Amino acid sequence: RFNLSKTGVVFAALLRDAKSKKLIGMPRLSPYGLLYRTGESADVVREEGEARLREVYEGAVQQPDLEDVIRLEMRRFFKRRVSHKPAVIPLILDV
């Protein structure tokens, strides 16, 4: 809990078709407790993160460790854009 209070947490939600594995709509990021650098807009960072999340998913959809790939790449993205590497919790929902 102490580390989460310092670095924040990001939920990465992806809704996909169970058979084709194609995304249904745009992925969503829900960041909590992030400290943004001066001049960074939370909305802009979130929108760019969602676009990056889609790219990561499409490039790694067939990998067995998809959630780990998403977690790692999103942590890298936020490290570049925010001051810390937040905990990333991927939520992949099949419908």
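Reader: What makes Phe78 buried or exposed?

Author: The model is a predicted one. Phe78 has a relative accessible area of 1%. Buried means under 20%, so Phe78 is called buried.

Reader: How do you know whether Phe77 is buried or exposed?

Author: The relative accessibility of Phe77 is 6%. This value is also set against the limit of under 20%, and Phe77 therefore counts as buried.

Reader: How many aromatic pairs does a search of the whole structure find?

Author: The search finds two aromatic pairs. In one of them, the ring centres of Phe11 and Tyr32 are 6.0 Å apart and the planes stand at 75°.

Reader: Why is the pair of Phe11 and Tyr32 called edge-to-face?

Author: Centres within 6.5 Å make a pair, and planes over 60 degrees apart count as edge-to-face. With 6.0 Å and 75°, Phe11 and Tyr32 therefore form an edge-to-face pair.

Reader: What does the pair of Phe11 and Tyr32 tie together?

Author: Phe11 belongs to strand β1 (residues 9-16) and Tyr32 to strand β2 (residues 28-32), so the pair ties together parts that are 21 residues apart in sequence.

Reader: Why is Tyr32 called partly exposed?

Author: Tyr32 has a relative accessible area of 48%. Exposed means over 50% and buried under 20%, with partly exposed in between, so Tyr32 is partly exposed. Phe11, with 30%, is partly exposed.

Note on methods
Residues numbered from 1 in each chain as written. Predicted model: local features only at pLDDT ≥ 70, side-chain atom pairs only at ≥ 80, totals over all residues. Heavy atoms only, no water. Phe/Tyr/Trp six-rings, centres within 6.5 Å; stacked < 30°, edge-to-face > 60°. Helix = DSSP H or I, 4+ residues; strand = E, 2+ residues; numbered from the N terminus. Buried < 20%, exposed > 50% of the residue type's maximum accessible area, 1.4 Å probe, protein only.
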